[in-house]
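Please look through the structure shown here. Some questions and answers on strands and aromatic rings follow it.

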Amino acid sequence: MSEFTATSPAAPEGEEPSGRPTREQAEEAVRTLIRWAGDDPSREGLADTPARVARAYEDWFSGYRQDPATFLGRTFSEIAKYDEMVILKDIPFSSHCEHHMAPITGRVHVGYLPRKRVVGISKLARLVQAFARRLQIQERLTAEIADALQRELQPLGVAVMVEATHACMTTRGVNAREAVMTTSRMLGIFRDNAKTRGEFLAAIGK
């Protein structure tokens, strides 16, 4: 099993073998939250909400059922001796904060300097989505994307920058609606060489 794959302890009685609660248990938990919020989960407008929420969770947190390493497993060596950086910017993502389960939305910029092999660009976007579709904090998301690229492709270096807004701060608490958080992780030549790092930042408009 890859180190990326989420694992669960043995399932208590009544749960699925994976340790996940059943869909019925998940839907009942939503009904409990609706009652706790002060509404009636049996009224017409809310009757189907628990099932809808369960389906939404399957999508929002599908990253737990994916192994991000598989997206980087197929690489290409016929690159005509290409030795400049590869950059994919403005990859949109949606995630959820692990502290409040509120949405995190933003974009990711990814760059790497290949040693001998490259990966299909769609796989970079899939890698971002696999890590984003889990309960996250932005700092860890940034590190996970960069570390996976470095480990699987073994390039000369990796650069990742994430820009995002956090609903846990923009819609509650301090209500800082215009705040955007930026995080980055530079590995290899992007960390050690200021010129290379500057080329990446210029390419993504920073």
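Q: What is the bridge partner of Val86 in S3?
A: The model is predicted, so local features need pLDDT of at least 70 and side-chain atom pairs 80 or more, while totals for chains, interfaces and linings use all residues. Residues are numbered from 1 along each chain as its sequence is written, and side-chain values use heavy atoms, without hydrogens and water. Strands are DSSP runs of E with at least two residues, and helices are runs of H or I with at least four, numbered from the N terminus. In S3, Val86 is bridged to Tyr112.

Q: Over how many bridges do S2 and S3 pair?
A: Two strands pair if DSSP finds at least two bridges between them. S2 and S3 form a hairpin with five residues between them, and Met101 in the turn has a positive phi of about 60°. The sense of the pairing is antiparallel, and the number of bridges is nine.

Q: Is His99 buried or exposed?
A: His99 sits in the loop between strand S2 (86-97) and strand S3 (103-113). Buried means under 20% relative accessible area, exposed over 50%, and partly exposed in between, with a 1.4 Å probe and protein chains only. The relative accessible area of His99 is 60%, so His99 is exposed.

Q: Which residue in S6 is the bridge partner of Thr105?
A: S3 also pairs with strand S6 (residues 157-166), in the antiparallel sense over 10 bridges. In S6, the partner of Thr105 is Thr165.

Q: What kind of aromatic pair do Tyr57 and Trp60 form?
A: Rings of Phe, Tyr and Trp (its six-membered ring) pair if their centres lie within 6.5 Å; planes under 30 degrees apart are stacked, over 60 edge-to-face, and the rest tilted. A search of the whole structure finds three aromatic pairs. For Tyr57 and Trp60, the centres are 5.9 Å apart with 50° between the planes, and the pair is tilted.

Q: Which helix holds both Tyr57 and Trp60?
A: Tyr57 is partly exposed at 35% relative accessible area, and Trp60 is partly exposed at 41%. The two are three residues apart, about one turn of the helix, and that helix is H2 (residues 49-60).

Q: Why is the pair of Phe190 and Phe200 given the type it has?
A: Phe190 lies in helix H6 (residues 189-192) and Phe200 in helix H7 (residues 194-203), so the pair ties together parts 10 residues apart in sequence. Phe190 is buried at 0% relative accessible area, and Phe200 is buried at 0%. The ring centres are 6.0 Å apart and the planes are at 75°, so the pair is edge-to-face.
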